[in-house]
Amino acid sequence: MSDLDLLTQSLARNVKRWRTERGFTLDTLAARAGVSRGMLIQIEQARTNPSLGTVVKIGDALGVSITTLLDYEQGPAVRIVPAEQAVRLWHTDAGSYNRLLAGTEAPGPLEMWDWRLMPGESSPSDPHPAGTVELVHVRTGELTLTVDGVAHRVPAGASASFEAATPHTYGNDGDEPMEMIMAVSVPPVR
């Protein structure tokens, strides 16, 4: 079985598990996540490989991390994620990417990401649930972080934090690759 098949089956099982645990119908989850009921049915039946944006919306609506949705084995209290098991969920032909390095529930989802954006590329993000906070640390290059329409320059060695309940974009307006580590903390579903 391929890695993609494993992820698709894990996502199917975990979306259904968490939807049931939260007491959500397909219609309720669809409305909360802003995705179609048909898409949720395809995901729960492992018949589709949804976009990163769709997985994020479903995780936010369920109050669980992407790591939890894609986890194919519940492990011990200490979980080591070998470098080769970091999950690359987005990439471009030019070489930009993000990788989910680790995640946990604490008490809501908490995720750590490794990002690379090539010169001239950007990645927009829809608003996350109220109370979501993101922390970024730029390792190389310069990040143009646009939050609610306002651009902020974050140079190598600098860090930034922001409330992520508004539209935001990670961009590289420079002429060298930008690399950063990002942590995302989402409040638990109430």
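Tutor: Let's start with a term we will need: a residue counts as buried under 20% relative accessible area, as exposed over 50%, and as partly exposed in between. Please keep in mind that this is a predicted model.

With that cut-off, take Asp 148 to begin with. Its relative accessible area is 52%, so Asp 148 is exposed. You will find Asp 148 in the loop that links β6 (142-147) and β7 (150-155).

Now for the part you asked about. The UniProt record, in an unreviewed entry, lists residues 15-69 as "domain: HTH cro/C1-type". In the model that span is 71% helix and 0% strand, and its end C-alpha atoms lie 6 Å apart.

Our two helices are α2 and α3. Two packed helices are described by the angle between their axes and the distance between those axes. For α2 and α3 the angle is about 110° and the axes are 9 Å apart. Angles from 65 to 115 degrees count as roughly perpendicular, and therefore α2 and α3 are roughly perpendicular to each other. Their crossing is right-handed.

Which residues do the meeting? From α2 come Leu 26, Asp 27, Leu 29 and Ala 30, and they meet Arg 37, Leu 40, Ile 41 and Glu 44 of α3. Sorted by class, this contact has five nonpolar residues, three charged ones and no polar ones.

Let's zoom in on one of them, Ala 30, which belongs to helix α2 (residues 26-33). Its relative accessibility is 9%, so Ala 30 counts as buried. Leaving aside residues up to four places away in sequence, Ala 30 touches Val 35, Ser 36, Arg 37 and Leu 40.

Finally, follow the chain past α3. Ala 46 sits in the loop between α3 (37-44) and α4 (52-62). Ala 46 has a relative accessibility of 30%, which means that it counts as partly exposed. The phi of Ala 46 is near 55°, a positive value in a residue other than glycine.

Terms used. Residues numbered from 1 in each chain as written. Predicted model: local features only at pLDDT ≥ 70, side-chain atom pairs only at ≥ 80, totals over all residues. Heavy atoms only, no water. Helix = DSSP H or I, 4+ residues; strand = E, 2+ residues; numbered from the N terminus. Buried < 20%, exposed > 50% of the residue type's maximum accessible area, 1.4 Å probe, protein only. Contact = heavy atoms within 4.5 Å. UniProt positions renumbered as here; feature names shortened; annotations may be inferred. Axes fitted to C-alpha atoms, helices over the stretch in contact; angles between N-to-C directions. Parallel < 35°, antiparallel > 145°, perpendicular 65-115°, else oblique. Left-handed = near helix turned anticlockwise from the far one by under 90°. Nonpolar A, V, L, I, M, F, W, Y, C, P; charged D, E, K, R; others polar.
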